[in-house]
Amino acid sequence: MAVDDEDEAECTLVASRDELSALRTQLKAKARRPTLTVLAGMNAVGRTTSLAGDVVVGRHHAAGFSLDEEGISRRHAGFRVLADGSVLVRDLASTNGTFVNGERVQEAVLRDGDKIQLGSVAILGFSFQDELDEEHQRRLYDSATRDALTRAYNRKHFADVLPREIAFARRHKRPLSVAMFDIDHFKKINDGHGHPAGDHVLVTLVQKVAAAVRAEDVFARIGGEEFVLVLRDLDLTHGLQCAERLRALVQTTQFAFEGRLIPVTISVGVAQLDDGCSNEQEIVAAADRALYAAKHGGRNRVEASRHAA
């Protein structure tokens with residue numbers, strides 16, 4: 001049967017539409033990346049990670065997705081993105097097992113919406129998300145853990161993390177120090193230069209300090225001009241050295257707002273986890289006492305904790 005030019009054009013148009021629809025489906029699938037989101041646990045609810053290649057989830061801080069939760073092994077489970085885009089989860093000989101939708105598995109191919117339990121309380125949600133979904137999840141997590149003005153971690157996150165860091169230090173017999181500091185005479189900065197200038201000082205200080213500390217250190221804003229650092233693997237001597245470097249950094253930084261220089265210094269108190277500070281309340285109280293001593297000793301100085309009787 002002969003096909004005239006009009007019929008051929010219509011066939012070509014239909015084919016083009018079908019091809020375009022298929023291409024759109026492919027692009028949409030490609031844009032949706034496999035993602036893990038912490039749905040339940042002691043500390044990291046809302047935290048997400050996109051999967052690419054092989055990712056290990058475990059308690060060890062060097063894991064691809066580190067979760068220091070109750071009952072999670074150092075290398076608990078591995079996630080592998082397969083050639084067809086699906087994701088395989090494999091238990092890595094964990095102590096407490098890996099469960100998918102309530103069933104213990106050695107390995108399983110995940111489906112969109114599956115729930116993966118690791119250890120006693122941590123539950124991960126598996127889903128395919130596009131960039132908008134991922135950005136939304138990141139914003140939710142940030143809003144729950146970050147200070148809105150400075151982007152340092154907030155007080156709640158610090159309170160959640162400190163017990164975990166103490167448990168890590170105890171478990172691995174490693175030192176841990178806490179450094180607490182605040183900005184000297186911050187009220188005078190606000191009164192003399194205005195609150196926008198005070199906000200500028202806070203933001204600039206956080207940027208400087210965050211760039212100077214290690215990735216494993218937890219840096220949080222816990223009050224108006226008060227901050228805290230959790231220093232993993234640092235004893236009191238090295239914690240004092242870190243605090244002194246930060247004190248000198250702030251003193252030598254030029255804080256300028258609307259063309260006016262603002263002199264800024266900090267006072268720092270440091271405490272170490274030891275027999276005199278055995279839990280989060282005691283080490284925070286000891287660091288706070290040391291900070292008080294630094295302020296009353298003249299400010300712009302670092303003081304070590306002296307355990308109260």
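1. Val 109 is partly exposed, because its relative accessible area is 49% (buried means under 20%, exposed over 50%, partly exposed in between; 1.4 Å probe, protein chains only). Val 109 belongs to strand S9, residues 107-109 (strands are DSSP runs of E, at least two residues, numbered from the N terminus).

2. This is a predicted model: local features need pLDDT of at least 70, side-chain atom pairs count only at pLDDT 80 or more, and totals for chains, interfaces and linings use all residues. Residues are numbered from 1 along each chain as its sequence is written, and side-chain values use heavy atoms, without hydrogens and water.

3. Which residues does Val 109 contact, leaving aside its neighbours within four places in sequence? They are Ser 86, Val 87, Leu 88 and Asp 114 (contact means heavy atoms within 4.5 Å). Val 89 is 20 residues from Val 109 in sequence, yet 6.4 Å away in space, C-alpha to C-alpha.

4. Now the rings. Rings of Phe, Tyr and Trp (its six-membered ring) pair if their centres lie within 6.5 Å; planes under 30 degrees apart are stacked, over 60 edge-to-face, the rest tilted. The count is four aromatic pairs. Phe 126 and Phe 128 make an edge-to-face pair, at 5.3 Å centre to centre and 75° between the planes. Phe 126 is buried at 1%, while Phe 128 is partly exposed at 21%.

5. Why is the pair of Phe 219 and Phe 227 tilted? The planes are at 35° and the centres 5.8 Å apart, so the pair counts as tilted. Phe 219 and Phe 227 are buried. Phe 181, Phe 219 and Phe 227 form one aromatic cluster.

Terms used. Helices (H or I, at least four residues) and strands (E, at least two) are DSSP runs, numbered from the N terminus.
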